[in-house]
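The sequence and structure are shown first.

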Amino acid sequence: MIERNRFLDVLSHLVLVLGVAVVAFPVYVTFVASTHTMQEVVQAPMPLWPGAHAWENYTVALFGDPSGSGATPAVGRMMMVSLITALVISFAKISMSLLSAFAIVYFKFPFRMAIFWAIFMTLMLPVEVRIGPTYQVVADLGMLNTYAGLTVPLVASATATFLFRQFFLTIPDELVEAARMDGAGPMRFFKDVLLPLSTSSMAALFVIQFIYGWNQYLWPLLVTTEERMYPVVIGIKRMISGGDAQTEWNIVMATAMLAMIPPALVVILMQKWFVKGLVDTEK
Amino acid sequence: MLIAPQVLVICVFFFWPALQALLQSVQQSDAFGTSVEWVGLANFERLWQDESYLESFQTTAVFSCLVAFLGIGISLCLAYFADRVVRGTLIYRTLLIWPYAVAPAVAGVVWLFLFSPSIGVVSYALNQWGFEWNALLNSRHAMALIVMAAVWKQISYNFLFFLAGLQSIPKSLIEAAAMDGAGPWRRFWTIQFPLLSPTSFFLLVINVVYAFFDTFGIVDAATKGGPGKDTAILVYKVYFDGFKAMDLGGSAAQSVVLMVIVMALTVVQFRFVEKKVNY
């Protein structure tokens, strides 16, 4: 039995509380700033307690402010773009990698290993290192400022394909044989046996990919040039391009809160799958 | 065929552009793309002689070292204590993991706001204590700013892995050491830390990759590579040279260099994964 140490127990909680406080502090300040008027926020020591203007700020942020001096664009629209992009990316990734893993594991066809290695190679080519040429391809295909341009180049996923491949390899052969004995064709087997078995992997991947899709920055920065196609992450960046004085920090901070809430909710509500997804995809 | 969509996407958006990058890196074209000239390795040579590129390399190295070591250190500390507490581990975990969900660019904006020289809360406090903070003028401060933002975002990830690693260490080992009279400090360094070394090494690679590639949003939002070029990490420079300065050949050559780095890191990572199986 390990000795009990009162001092260390207290210290543990102290350190953890401190850690949580430091981690939460920036977001707390963001929240506070989003509840004040612009004048209150930009005066040097900003108030550290929530103010009374939350409702106005969030409405302005969400629906835009056609009358004011800043004329901020509506974030509601951007949130929709982000949401659609993130959902399309995560669903497309999951279904595409399910299908390819299924094909690689259960069918014999020429170049099977070559294709497998080709998928593997994509791990080594993150968007960041090939932005220029990829942009050219997308521009040539006429996909700038479309949802297709935002999502399609990002839907190939080596990690997800691997994850499903590893998972399919653990499924006993007896199960495949049993399905065949019962007269199930390959697609039937896929639908009735593999899909139900992989739901937890799918949930885990969904969380990771949703966050990945929502938080994309560099790629949307390149392919979207019109305001109606900005995801919310880009929108925030555009709002602060002026100096300190012109930026309506209270609205920017309200937008930042809005941009953080959906992925944070997904992480916290689906914590179990999130942890599983992180651990699985990195193995 | 079932695999067709995946292969199509990979070919069109991965291999074709990568080939293009390779091709462009040995060509020189003018700003309008009207004339293309074969220049061999001249672009690479030019990179090698380019002061600002070498500086950017240095910046990236400093940045990723700081991010990796600070991030790993802080989260190891937090994970150790979270593993110790009897009750509430789950609550602390919930409270610590959500920064993972925050977009890098949003994190950059939030930290910029906290540390903005004229209106930021923290910079105000620092100035009150007599510390002259200005991330817009002082490059060290700017570096500190992006490092803090990057570490803040990455703590949750490291924390989760360390916590999982600590919880998988058999309790009997720790108890045996305690019976032999090893105090908590000694137990940590002689048992838990060595057993965590595979996790730590894995996280080191992941954190370096993160600092190299995923922090573009933080840099662009918080400092825009400034002041001057003092926080322009390599990825930022590829973007800037290719899309702002329109130097396609140079940008492509930089892309190729980055590809080589990613490949090296990936190989290291997989070597390690194989080793871990034997562990």
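## Contacts and organisation of the predicted model

Leaving aside neighbours within four places in sequence, A:Thr225 is in contact with A:Leu144 and A:Asn145, two residues being in contact if their C-beta atoms, placed from the backbone, lie within 7 Å. A:Thr225 and A:Asn145 are 80 residues apart along the chain, and their C-alpha atoms are separated by 6.5 Å. A:Thr225 belongs to the loop between helix H12 (218-223) and H13 of chain A.

The model is predicted: local features need pLDDT of at least 70, side-chain atom pairs count only at pLDDT 80 or more, and totals for chains, interfaces and linings use all residues. Residues are numbered from 1 along each chain as its sequence is written, while chains are lettered from A and ligands numbered from 1 in the order in which they are written.

The table sets out the two chains. Helices (H or I, at least four residues) and strands (E, at least two) are DSSP runs, numbered from the N terminus.

| Chain | Secondary structure | Buried residues | Contacts between residues at least 6 apart that join residues at least 24 apart |
|---|---|---|---|
| Chain A | 15 helices, zero strands | 42% of 283 residues | 72% |
| Chain B | 12 helices, two strands | 43% of 279 residues | 69% |

In chain B, the order of elements from the N terminus on is α-β-β-α-α-α-α-α-α-α-α-α-α-α.

Chain A is divided into domain 1 (6-73 + 233-281) and domain 2 (76-223), with bounds from an automatic or database domain assignment. Between these domains, 18 residues of domain 1 of chain A are in contact with 19 residues of domain 2 of chain A. On the domain 1 side, two or more residues come from each of helix H3 (54-63), helix H13 (232-239), helix H14 (249-269) and helix H15 (271-281) of chain A. H15(A) supplies the largest share of that side, with seven residues. By class, the domain 1 side has 13 nonpolar, three polar and two charged residues. Here Ala, Val, Leu, Ile, Met, Phe, Trp, Tyr, Cys and Pro count as nonpolar, Asp, Glu, Lys and Arg as charged, and the others, Gly among them, as polar.

Between the chains, 74 residues of chain B are in contact with 74 residues of chain A. Helix H1 (residues 4-25) of chain B gives the most to the chain B side, with 14 residues. That side of chain B comprises 61 nonpolar, 11 polar and two charged residues.

The largest nonpolar core has 136 residues, and those with the most contacts inside it are A:Val207, A:Ile236, A:Ala256, B:Val106, B:Val109, B:Trp111 and B:Ala149. A nonpolar core is a set of buried Ala, Val, Leu, Ile, Met, Phe, Trp, Tyr and Cys residues joined through C-beta atoms within 7 Å. Helix H7 (residues 139-167) of chain B provides the largest share of this core, 16 residues. At least three residues come from each of domain 1 and domain 2 of chain A. Apart from this core lies another, of seven residues, among them B:Ala21, B:Leu47, B:Tyr53 and B:Ala253.

Leaving aside its neighbours within four places in sequence, A:Ile236 is in contact with A:Val252, A:Thr255, A:Ala256 and A:Ala259, and also with B:Ala105, B:Val106 and B:Val109.

Definitions and conventions
Buried ≥ 20, exposed ≤ 12 C-beta atoms within 10 Å, placed from the backbone.
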